[in-house]
Amino acid sequence: MIVDRRQNTFDIPFKSLELMSEKKYDVIIVGSGAGGGAVLWRLSEKWLKARKKIGMIEAGDFVLPAHVYNFPQLKGNWKNIFSKVSSPIGKRLPRFSGAEQILALGGRTLFWGAVTPRMHASDFSDWPISKKEMDHYYDIAERIMGILPSGISPQTREILQLLQLNGFEGARTIPQAASDGQTFSSICFLRKAWEQQPFDLAIKSRLLQLRMLESKLIELTVADSNKKIYKLYANKIVLAAGALETPRILLHSGLHGKAFGHYLTTHSFIKAKGEFSGERFGTIVKEIRILIPQTDKTPYQLQLYISKRSISMVCFGKVESHFDNKLTLDPNNKDEFGVPKIKIDFSYSDRDLEVIRQMRVAVKHVLKTLGAKSVYEKLMEPGKDYHETGTCRIGIDPSQSAANRYGQIYGNSGLYAADNSILPSAAAVNPTLTTIALAIRVGDHIYKTY
Ligand SMILES: Cc1cc2nc3c(=O)[nH]c(=O)nc-3n(C[C@H](O)[C@H](O)[C@H](O)COP(=O)(O)OP(=O)(O)OC[C@H]3O[C@@H](n4cnc5c(N)ncnc54)[C@H](O)[C@@H]3O)c2cc1C
């Protein structure tokens with residue numbers, strides 16, 4: 001468990017881009033969220049003795065030194081802080097209208113729910129990595145993130161039994177990267193990495209473009225908050241800027257592969273609420289959190305949050321990977337740095353719509369089983385789950401994937417991706433544990449082949 005109690009301090013010094021531009025790095029990691037943090041931690045651990053030069057650049061500012069829930073005084077108004085670092089880019093993306101861009105040191109993991117199930121075994125059937133190998137990396141990720149089974153109260157046991165007897169055999173408590181009152185964020189990775197060896201970290205430093213040099217070095221064009229441009233150089237680059245930004249950088253750098261930006265997936269996302277007529281399960285002091293996992297036959301996952309008089313549900317349905325669900329650049333619409341903004345084509349397939357229908361039936365059945373009256377049930381806009389994935393997916397066929405099974409971008413052996421973009425398929429589970437497991441594996445590959 002690497003969450004520590006130095007909540008209010010952040011001891012890692014920030015470097016200026018000017019200083020970073022004077023060095024040649026072994027590796028530069030772009031983005032300090034879930035994927036970037038995991039690669040950084042793994043490389044720092046593996047290179048403990050070798051002392052390589054590692055840099056990290058982060059477009060966002062320093063906002064919090066840990067997950068927002070770790071500050072009791074902020075818990076009630078975390079959305080205010082969230083809105084300061086997020087831009088609702090979905091407002092101009094009619095087919096992906098729930099999308100938000102979040103720029104901050106720590107990325108989305110400052111705000112995430114830390115729900116961390118593994119993917120269902122059947123989802124690995126078309127993956128380029130075996131379930132056995134993924135289990136090895138899941139074990140590492142769960143250990144370092146402190147994902148521990150939670151204790152079960154008598155009321156939780158009663159609810160689980162009711163669900164299990166009524167068709168939800170796999171019901172269990174929600175696995176969370178949160179224990180002892182501390183919620184995990186990727187800043188824990190940064191701290192742990194720093195304890196192992198120093199690295200250079202620049203915030204408010206936005207990667208705009210990459211260029212492959214003949215010397216095999218990679219040149220990064222990076223802008224600071226005053227829009228001053230710097231050139232950084234590294235032997236290896238790991239892109240971990242998130243599933244909407246990583247392919248944007250690749251495309252804007254003139255790097256094109258058939259699958260770059262394609263196979264965009266997300267989850268169909270239903271929020272629901274039910275009410276009990278009284279204190280149905282007695283006085284519940286601490287919210288009871290139950291997961292009804294995806295199975296072979298039910299391609300959706302239901303999260304239940306049960307309190308004294310009500311039950312809230314967060315439900316994710318599996319969305320198929322389709323070539324035509326894609327992100328491209330809009331040459332007529334550029335940002336403040338002159339980089340084209342993204343356009344998104346996304347629609348649910350007939351199969352995805354059937355999953356949504358099944359999920360709705362399951363929501364009703366859960367409420368009935370637990371004796372709750374439905375208050376509302378809403379299908380959220382695509383992208384609102386903050387789970388977009390697949391836009392640089394790994395695979396063995398360059399015509400259907402952007403990166404090989406180690407996250408190396410096809411055609412560019414020094415260039416890796418290690419964020420949600422590399423997931424080959426979305427399953428019906430929250431993606432981040434799987435992304436972190438894959439990012440650790442990317443770190444291992446860089447270490448072994450450097
Ligand atoms: C409110 C909320 C709740 C969530 N709950 C859960 C949950 O319970 N379970 C779960 O599995 N997932 C959850 N998620 C999703 C989870 O946070 C993401 O899956 C995960 O953080 C994605 O990791 P990533 O590395 O792809 O991107 P991020 O963690 O977003 O990291 C990307 C980083 O890149 C930086 N960046 C972007 N562009 C550039 C650039 N051009 N140059 C330099 N840096 C750049 C960003 O600032 C950011 O730090 C939730 C998300 C939110 C917002």
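Visitor: Which residues does T434 touch, not counting those up to four places away in sequence?

Guide: T434 touches M119, W127, M134, Y138 and L423, where contact means heavy atoms within 4.5 Å. This is a predicted model, in which local features need pLDDT of at least 70 and side-chain atom pairs count only at pLDDT 80 or more, while totals for chains, interfaces and linings use all residues. Residues are numbered from 1 along each chain as its sequence is written, and side-chain values use heavy atoms, with hydrogens and water left out.

Visitor: OK, and where does T434 sit, and is it buried or exposed?

Guide: T434 is placed in helix 10, helices (H or I, at least four residues) and strands (E, at least two) being DSSP runs numbered from the N terminus. T434 counts as buried because its relative accessibility is 0%, with buried meaning under 20% relative accessible area, exposed over 50%, and partly exposed in between (1.4 Å probe, protein chains only). The C-alpha atom of T434 is separated by 6.7 Å from that of R118, although the two residues are 316 apart along the chain.

Visitor: What about T116, where is that and what is it in contact with?

Guide: T116 is in the loop between strand 4 (101-102) and helix 5 (131-145), and, leaving aside neighbours within four places in sequence, T116 is in contact with M145, I147, P175, Q176, A177 and L433. T116 is buried, since its relative accessible area is 1%.

Visitor: Switching to helices: how do helix 2 and helix 10 cross?

Guide: The axes of helix 2 (residues 34-46) and helix 10 (residues 432-449) come within 8 Å and cross at roughly 35°; here axes are lines fitted to C-alpha atoms, for helices over the stretch in contact, and angles run from 0 to 180 degrees between N-to-C directions. The crossing of helix 2 and helix 10 is right-handed, a term for a near helix turned clockwise from the far one by less than a right angle, left-handed being the anticlockwise case.

Visitor: Which residues make the contact, and how do they divide by class?

Guide: From helix 2 the contact includes A34, G35, A38 and W41, and from helix 10 the residues include T432, I436, A439, G443 and Y447. By class, the contact of helix 2 with helix 10 has 10 nonpolar, 4 polar and 3 charged residues, where Ala, Val, Leu, Ile, Met, Phe, Trp, Tyr, Cys and Pro count as nonpolar, Asp, Glu, Lys and Arg as charged, and the others, Gly among them, as polar.

Visitor: Is E336 itself buried or exposed, and where is it?

Guide: E336 lies in the loop between strand 16 (326-334) and strand 17, and E336 is exposed because its relative accessible area is 56%.

Visitor: And how many cavities of 30 Å³ or more are there?

Guide: The structure holds 1 cavity of 30 Å³ or more, and the largest cavity has a volume of about 30 Å³. R206, L207, L208, E245, R248, I249, D335 and V339 line the largest cavity, with strand 9 (206-212) and helix 8 being the elements that give two or more residues to the lining. The lining of the largest cavity divides into 4 nonpolar, no polar and 4 charged residues.

Visitor: Last one: what is the phi of Y263?

Guide: Phi of Y263 is near 60°, a positive value in a residue other than glycine. Y263 is found in the loop between helix 8 and strand 12 (268-275), and Y263 counts as buried because its relative accessibility is 9%.

Conventions: On a 1 Å grid over the protein atoms alone, a cavity is a set of points where a 1.4 Å probe fits but cannot get out, and a pocket is an open set with protein on both sides within 12 Å along at least five of seven lines; lining residues have an atom within 4 Å of a point. Grid points are joined across faces, edges and corners, and a volume is the space filled by probe spheres set on the points.
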